[in-house]
Amino acid sequence: MLILALDTATPAVTAGIVRLTGPAGTDAGSDTASAGTTAVAGGAVPVVEQVAARVTVDPRAHGELLTPHVLDAVADAGITLADLGAVAVGVGPGPYTGLRAGLVTGAALAHSLGVPAYPVCTLDAIAAGPDGPALVVTDARRREVYWATYDAEGTRTDGPHVGSRADVPEPAGRLADHEQPSPVGIVRAVAADVLAAREPGPLTPLYLRRPHAAEPAARKRVTA
């Protein structure tokens, strides 16, 4: 199965085409791939291959660049949007403006193509891979960071949280500090759900804190 991977939760604008196949080389979405989901649960690793990608690091250009990146990645892969079997979208944590661009684009494309849209925690996508225990830290602005910890299997053990850098624990293994997720990492984080044809959850953004703006308080009554 060909999957469109999107993320705008970090300063990077990320769009890529990724091919996901089952552990035995069966194509995700086929009957044989569904039959192989037990092997995935038992520890077999699905094959996740990047076909094409466009990534630009610019925290002010998510809304401007994401759709062109999607179209360029599709063209580079030599396919059309109709060839996609699913969309995987990073849902944060991340700043409101950038994160919204990816969620809206992913939801709109999935709806128009009639394919499922899978939500992926951006920190999970960064941690995805056989690299042992990890601590993932990304920029939350306002002199704060988002962070989460992962075990050797890539399963999140704590977080995601937002707070001061001083509140972040010492890494037990690999430290992924202010990295961005790759298209392969985004798909790898949700591969088991795709292979099992599970119904995806909603694309709910992980903001982790209240907006900086606040509703105005009621005006005080002035008496003579």
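1. Arg141 counts as partly exposed, at 43% relative accessibility; by the convention used here, buried means under 20% relative accessible area, exposed over 50%, and partly exposed in between (1.4 Å probe, protein chains only). The residue is placed in strand β6 (residues 134-141). Helices (H or I, at least four residues) and strands (E, at least two) are DSSP runs, numbered from the N terminus. Not counting residues up to four places away in sequence, Arg141 touches Pro59, Pro95 and Arg209, where contact means heavy atoms within 4.5 Å. The C-alpha atoms of Arg141 and Pro95 are separated by 7.9 Å, although the two residues are 46 residues apart along the chain.

2. Basis of the model. This is a predicted model, in which local features need pLDDT of at least 70 and side-chain atom pairs count only at pLDDT 80 or more, while totals for chains, interfaces and linings use all residues. Residues are numbered from 1 along each chain as its sequence is written, and side-chain values use heavy atoms, with hydrogens and water left out.

3. Confidence. The average pLDDT of the chain is 88, and 83% of the residues score at least 70; pLDDT is the predictor's confidence in each residue, from 0 to 100. Over residues 30-42 the pLDDT is below 50, and this stretch has 15 contacts in the model beyond near neighbours in sequence.

4. Overall composition. Six helices and nine strands make up the secondary structure of the chain. Of its 224 residues, 43% count as buried. Among the contacts in the chain with a separation of 6 or more, 71% are accounted for by residues 24 or more positions apart.

5. The five-stranded sheet. Five strands form an open sheet in the order β3-β2-β1-β4-β5, and the pairing is mixed; two strands pair if DSSP finds at least two bridges between them. Strands β3 (47-57) and β5 (117-120) stand at the edges, each with a single partner strand, so one side of each has no neighbour in the sheet. From one strand to the next, the twist averages 20°. Within this sheet, β1 (residues 2-7) and β2 (residues 12-21) pair in the antiparallel sense over six bridges, and Ile3 stands opposite Val18 in β2.

6. Helices across that sheet. Helix α3 (residues 62-77) lies across β1, β2 and β3 and runs at about 30° to β2. Helix α6 (residues 183-195) lies across β1, β2, β3, β4 (86-90) and β5, at about 45° to β2. Axes are lines fitted to C-alpha atoms, for helices over the stretch in contact, and angles run from 0 to 180 degrees between N-to-C directions. Ser182 is found in the loop between β9 (174-177) and α6, and is partly exposed, with a relative accessible area of 33%. Ser182 and Ala15 are 167 residues apart in sequence and 8.7 Å apart in space, C-alpha to C-alpha.

7. The four-stranded sheet. A further open sheet has the order β8-β7-β6-β9, with mixed pairing among its four strands. Its edge strands are β8 (156-163) and β9, each of which pairs on one side only. Here the twist averages 15° from one strand to the next. The pairing of β6 with β7 is antiparallel, over seven bridges, and Thr138 stands opposite Tyr146 in β7.

8. Surroundings of Thr149. This residue lies in strand β7 (residues 144-150) and is buried, with a relative accessible area of 17%. Leaving aside neighbours within four places in sequence, Thr149 is in contact with Ala134, Leu135, Thr155, Arg156, Thr157, Asp158 and Pro169. The side chains of Thr149 and Thr157 are joined by a polar contact of 2.8 Å. A polar contact is a pair of N or O atoms within 3.5 Å; within protein, one must be able to donate a hydrogen and the other to accept it, and residues adjacent in sequence count only if both atoms are side-chain atoms.

9. The aromatic pair. One aromatic pair is found in a search of the whole structure. Tyr96 and Tyr207 form this tilted pair, at 5.4 Å centre to centre and with 45° between the planes. Rings of Phe, Tyr and Trp (its six-membered ring) pair if their centres lie within 6.5 Å; planes under 30 degrees apart count as stacked, over 60 as edge-to-face and the rest as tilted. Tyr96 lies in helix α4 (residues 96-113) and Tyr207 in the segment after α6, so the pair ties together parts that are 111 residues apart in sequence. Tyr96 counts as partly exposed at 45% relative accessibility, and Tyr207 counts as partly exposed at 25%.
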